[in-house]
Amino acid sequence: MSTLQRVKCQAKAHPLAMDAVLAAGVLVCMVAGSFVEPRHRDSVSWALRTPDTLSLVLIALGAAALVFRRRAPMTVLCLTGTVSVVESVTGDPRAPVAMSAVIALYTVASTTDRPTTWRVGLLTMTVLTGTAMAAGSLPWYAQENLAIFAWTGIGATAGDAVRSRRAFVQAIRERAERAERTREEEARRRVAEERLRIARDLHDVVAHHIALVNVQAGVAAHVMDKRPDQAKEALAHVREASRSALNELRATVGLLRQSGDPEAPTEPAPGLDRLDELTGTFRNAGLHIEVARADQGTTLPAAVDLAAYRIIQEALTNVQKHGGPQAKAEVSVVRVGPNIEITVLDDGSGEDQDPGSGGGHGLLGMRERVSALRGTLTTGPRYGGGFRVHAILPVKNRTPGEDPA
């Protein structure tokens, strides 16, 4: 840290002490100036003089007031201005008491706004200069009187310039801090969205595959004694479903690894091109599924493709869990104008016909996926039994300001 920076730090930490040092310096300058008298005959020269006692008292009062210039700038200006006016009327020869008023005027200008600086500065210049010209012992056109006018103007102008620069620097600092806060908030928002997306993926993977494992394990336990071949087939499906669950979990959790960790799997996210494989796993678990597709030739964005796959997966998982042993499901994927519509119907007759009544997050996850893509989702029981899931997803991702109509 340089010497100038250390002085600035000390000034900010101890403002009263720095003002006392400034007042002492001004006192020395005013006392030294009161003992010197300029002469203007053939050439400029200087001579010693003896100031009167009143001038020295006024000098001491003006310098002492500067100690409190930051705490009460207006009061200090009034006091130093009064002292300067008294010195202009009574001083003969005159002492440089107006120096303290100039310092006080600079303080007022640097701590207030510009209109106040103009009003106070003009008033101070008018009072001090007018008093010196009208009531002083020197002629009105004397250089000492013009010097009072010039120095008060310089003090007000310098204070206003310092205030403007300080405000400019503060505005730049606030703008930088605001930009930093905006970046941090944006980063936190992106992290929250990514966590929510990963949570949805984890829920879909676990719910789907664990439901299949549960059903196949139940089938194997039921037919183990009477039909071991069917039990062996069910256990093979359990092994395949658990392996798929582990692979998808590994791919999803790999997104949470830090830099420098082993590279996460790069297998692409599933989409509607794997719909046959998805429905095949449910058929192997004993669920009767009919699939109808009218989206040939449609290329979906990755986010829409993944959302459609996950919605069908979650809906069929709910049918498997809540529809009962004799439930049948119908899956339709249809391209309608700029949208693609996903519909999953079932005629389940289980006791729990509402998948959202069990406190799970399946329907909530589907709704969040659809909302993130600016689509619509409709879910609810069907008349006569069963459940219906209907999602409309835009084929092209819409921007936040675009009309969804």
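A surface patch here is built from residues with over 30% relative accessible area and no salt bridge, joining like charges within 9 Å or nonpolar side chains (Val, Leu, Ile, Met, Phe, Trp, Tyr) within 5 Å. A salt bridge means a side-chain nitrogen of Lys or Arg within 4 Å of a carboxyl oxygen of Asp or Glu. Accessible areas come from the Shrake-Rupley method with a 1.4 Å probe, and for residues only the protein chains shown count as cover.

The model you're looking at is predicted, so local features need pLDDT of at least 70 and side-chain atom pairs pLDDT 80 or more, while totals for chains, interfaces and linings use all residues. Residues are numbered from 1 along each chain as its sequence is written, and side-chain values use heavy atoms, leaving out hydrogens and water.

Let's start with a nonpolar patch of about 300 Å², made by Leu-54, Val-57, Leu-61 and Val-86. Helix 3 (residues 53-65) gives the largest share, three residues. Helices (H or I, at least four residues) and strands (E, at least two) are DSSP runs, numbered from the N terminus. Leu-61 sits in helix 3.

Strand 3 runs parallel to strand 4 (residues 328-336), over seven bridges. Glu-290 stands opposite Glu-330 in strand 4.

Definitions and conventions:
Pairing = 2+ DSSP bridges.
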